[in-house]
Structures are given as structure tokens and as C-alpha cells.
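Subject: Structure handover

Hello,

Here is the structure for your files. My notes on it follow below.

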Amino acid sequence: MIERKKRDVGGTVINIFALLLVLSYAVPYVYLLMTALKPAADVQQIPPSFFPNRITLENFSTVLATPSLPAAFANSLMVAVLTTVLSLVLAVPAAYVATQYRRSFTTLFLLFALVTRMVPAVSLGVPLFTVLKSLGLLDTTLGLVLAHTSTAVPLALLLMSAFFEGLPKELEEAARMDGCTRFQAFVKIILPVMRSGIAVTALFSFIASWNEFLYALLLTSEKGKTAPIVIAEYNSVYGLAWGPMTAAAVLYSLPVILITLILQKQIIGGLTFGAVKG
Amino acid sequence: MAEICLSNINKVYGDSFHAIRNLTFDIKDGEFLIFVGPSGCGKSTALRMIAGLESISSGELLIGDRLVNHVDPKDRDIAMVFQSYALYPHKTVRENIAFPLRMAKLPKPEIDRRVEEAARILELTPHLDRKPGRLSGGQRQRVAMGRAIVRKPAAFLMDEPLSNLDAKLRVQTRAEISRLQKELGVTTIYVTHDQVEAMTMGDRVAVLKGGVLQQIDTPKNLYDRPINAFVAAFIGSPSMNLYEASLFGEELRLGSQIIRLPAEVFAARPALRSSGERTVVVGIRPEDMDDASIAPSSAEIQAAVTLVEGLGAETVVHLAIDAPWVDAGDPDAIAEIGHQRSAVGRFSPKTAVRIGDHARVALNAANLHFFDPETRTSIW
């Protein structure tokens, strides 16, 4: 009885610590939200307060009235969606072939694919600028999609390879025995089985592109600008508009939160893929 | 249904590892053939080559009258049951079984009829709308069978389909597969490393070692007339005991002991007669040994008892015999017994022998096997 009580107390303490840890991750975001809800005067008060003295939506009104922001949001969405789709189209079959049809150079291929992740992003910025300029794709959605895809594909390839490593080869073989070509087996059996892994990879690719700042800054100037650039412009030489900037950041975070909630089941399934033998 | 003919089939990986060497045999229409052999002997590779999942380095493979060396698995009209079952986890049992029919573009009413029929035969009807993840091992195995039989293929290929089941379920499923194969009359090739499956299920058994076919014959012939010491030791459980002995006239000298061989041994094996002394490998099946105090015999030897395992219906007794032990060349057996190279006898359950006893062991001398010490082939 005493032993059981000790175990219960131990469990409760661990749970409290776990909860505190999880909440600590949320603090920066909650602070962002609180700042967005503060009146302009409160935002820069010294000492700063965590909670607003008065809740107001004036920052959100200012943001919604900013003429450049809707186009920037649309650009961000277009770039992130296209980057995600293109990355998956390239990385999923490549990862499948690399892991299921393993050859001596497979590991080298996967390592080589990571090269763009190994060098600082800024060092690739100049070559990308030159390439896109020569293709006439500077300040375009397509140009930024290509730039983002060049960094998203290696990550997607690595993630999908890890997921495919846990996939039994017999699934494809069974499909081929059941009347599929290799491609049909991939489309009809492998892809549906891997949907959790694909969902996780898609989400990571989407978030990486959605949040990307450096290439967007280097490779766009007017028409192709994405939301992170426009949000950053609230802080300019003409003044520091912290309130509208945090409100815009809150609005900008909503699609990602929404997608994560929708894909929650697949993401958890994907993150634990292969952990339990079926 | 179809005949399958393999002619000088070879499989070479890269340019060095020869996995299958000159595999040649025919499987008759409706026959149940078992591939058996130790780990790495090439039995699964041979099966996968027939399935089309492995390329054939050289030789000819015919299914029916058609050369299928370069035909895709989907176009060979054969179904395969995998060791892991390879069920599609995102599909229900119904969808799993229906999948090959959908790929063959059969009309929906026909698909439904065939799926229902297969489910009824395999007692899967109550589980048709469940996903494989919610089924037991035995049920999953039956779904894999269902996916194979629903197509009515020319041949079934089964790669150790029972190895993931527990012992009791394995016995039950073994009988079910045998019954189903007889009912459907479909040519079947079945890979196993299980002795009992090999001996009880197949019309014929093909024993492979190191990618080479050792013998293909009925289970009884393999047991009674093994072609070499490897087959003799591989078929039968526990394995045949092999010792080096010398033959002098009708006397067999096993270590320091002498056994007089009956005339019927020489009648059955004329090549065994020799004018002088000759060295042979003698094979003693465990069932040809018993406690001489219970079942006296004209051929008896003395042996030290090293282990006694009472199984109820019989007692397995491990014996140290003072004669050179001979390796049959089965890597799995070596791995199992390690350095403990004792003989194994299946004694009557009434035996009273204990560890440490020097037991009198009765041999059924007429059933002894003899092999050439150099080539390890049977002497007949």
C-alpha cells in the first residue's frame, strides 16, 4: 500500500515537471499573443508587463489595414504549398528507391543530398541569387519556390528515408505478386501505408518554407515578398511598431497551428512509426 | 494450375556469391513440393526466382509451357504467401483479399462473390471489415492465404508461412493448408526449415544445401534412403547420429565396441561388402536406439548417459559414445549442439536410465545407415 502511494506521488511529481516543461515552451508564444493584445502605450512600457493592463484588438485592426500584407500572406501560402508539393514529389520516390533498393552508393547519395544543409544558408544565397537572376526568376513566387525546394528536399529525403527504413520490403513484393507494376505498388500500397510519414515530412517542409526569411529577403523585393519580410518591415527606420508586428506574427502563426491540429493524428502516427512492431 | 520446370537455374550475386547452382527439377501439376534446408541454403532464393522477385542468372524456368525468365511477377499467374504475411495494413481484410482481383479488373459482383467464398473457406467472414492490425497471428495468416487462393492462380508459393505462429496454432494451420491444397489441387511450392512440415505436408521434398539440390523425393524415401549423410541427418528429428566406424566382414567396430550386422543389411546394401577392413560413416536414427534392459537386441553398445529428457510418450536420452563423431555438414545443427557432440536416442518412456549411468543401448542394426567417409554418399 505504502509502495503504491510512493509510486503515485512519484508519478504526480514527474507529471508536474513535464507540464511545467511543456508550458515553458509555450511562454514565448503566449508573450507574443499578450503583446499583440496590448494598447500601443503599454507595449513599450518600462518595466514591461507580461499580461496586458487592457485587452485591445487595435493592433490587429492596424495589421488588417496594412495594404501589402494580404498579398504577402498569399505569396507565403503559395510558396510554402508549392515548396511542400515539389519537395514531396522529388523526395518521397527518391527516399523509397534509396532505402528499398539499397546499393553501395546509397549512403553516399543520402549524405551528398545533405550538403545544402551542411553549409550556412547565407553562403548559398549569392549563388541562388545569380542563378535566379539569370533565369529571370528574381522577385517571383516560382524563384522562391525553387530556392526553398533546394533546401527542403534534403530534409524531406532524410526524413522519408528514416520512415522507409521501417517499411517491410515484402509489401511491395506482395503488391507485385498481386498484379501491380512497381509504380502501381508504390502508388496503391506504399504511399497510403506511409501517409503518416508523408504528413510529418509535408508539415516540416511547409513550416520551413512558411517561416523562411533569409532567401525571401535576398531573392524578392516587391511582388514576390512573403509575409515574414512584410512583418519585419513594421520595425523600420521610421519607428518600432511592436504591437502591429506581434499581431501580424500571431495571425501568421495561425495556419501552421491549424494544419498541425488537423494532421495531429498522422503526425503522432508518423513520429512513432516503426516504434511498435505491428 | 500448371507444371513448373526448372532447368539448370543459377543465381549469382555480384560476380562472386553463387547462391543457387544448376537447380533442375520438375514439379507436376497439382503437386505439393517442399523446399527444405538449413539457413542460407538458397531455398527462399529459389522460391523468389520462381516468383519473379529475384532475377535468374542463367537457366530456364517454365510455368506451364511458357518460359518466364523475364516475365514480371504480376504476369506469371502465381500467388505468394510471405513469412511476414505482408498484408496491406491500411486496407480491411475484405480489401486485402479483393486487391489481386481488383488489379485483374474483375467485375465487382465477381470480386464480391470470390472474396465471400474465400472468407467462408478460411472462416474469416466475421472479420472481413477489420484491419489486419486488429487480427491475431493465425487470422492474419489466413488473410494472407485468402489473398492467394482468391485469384485461383496456376501455382502457390509459400515462404515459411507458419514460422510466426505459436506451436499449437502451427499444427492446426499446417493441417488446414494441406487440406486446402488438396481441395484446390493447385501446384504448390512451400519453403520451410521445419522438419515436421517438410515430412507431413509435401508430396515430395527437395533438400538444398549451399545452393545445391541434394535430393528430391517423397518424404518416406528421403527418410529411408537418403542420398548422403547431410540429407540423412537433416531429415528426421532429432537428427541421425553419425560416427566413424570400421567394417570388418560382418563386424562393425564402433569405437571400442563391436556390433555384428545382420545379413539383411548386406542384402539391402551389396556395396557394403568388402574383402578387408574399411572405414565407413555409420548413421543411427534416434528411434533405432532403446534401453536394452527394456528392449533387448542382438546389437548392443555401452554408452554414458549425459542427459535425460522425459517427454511423456518417449524419453530422449543423450549418450556419449566412444567413437569419432562425424559432422553431417548442417550449419544449423552445429549451431544448436555446439561442442556437445553426443548421440541422441529415443528410449521407451519406461526407461530408468539416469545421468551418469553407463547404459546398455539396444540398436536396430537392420536400420543402420552407411556412408562413404570421403564423399559422404550413401553406400547401397
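Which residue just after H3(B) takes a positive phi? Glu123(B) does, with a phi of about 55 degrees.

Some conventions before the rest. The model is predicted, so local features need pLDDT of at least 70 and side-chain atom pairs count only at pLDDT 80 or more, while totals for chains, interfaces and linings use all residues. Residues are numbered from 1 along each chain as its sequence is written, and chains are lettered from A and ligands numbered from 1 in the order in which they are written. Helices are DSSP runs of H or I with at least four residues, and are numbered from the N terminus.

Helix H3 of chain B

H3(B) covers residues 108-121. Its 14 residues should span 20 Å at 1.5 Å a residue, and the end C-alpha atoms are 20 Å apart, which agrees; the expected span is 1.5 Å times one less than the number of residues.

Contact between the chains

15 residues of chain A are in contact with 18 residues of chain B, where contact means C-beta atoms, placed from the backbone, within 7 Å. On the chain A side, helices H9 (170-177) and H10 (182-193) each supply at least two residues, and H9(A) gives the largest share, six residues.

Domains of chain A

The assignment, which is automatic or from a database, gives domain 1 (2-58) and domain 2 (67-271). Their C-alpha centres lie 31 Å apart. Eight residues of domain 1 of chain A are in contact with six of domain 2 of chain A. To this side of domain 1, H1(A) contributes the largest share, four residues.

Helix H11 of chain A

H11(A), residues 195-211, has 17 residues that should span 24 Å at 1.5 Å a residue; the end C-alpha atoms are 24 Å apart, which agrees. Its buried residues include Phe206(A) and Trp210(A).

Regards

Terms used. Contact = placed C-beta atoms within 7 Å. Buried ≥ 20, exposed ≤ 12 C-beta atoms within 10 Å, placed from the backbone.
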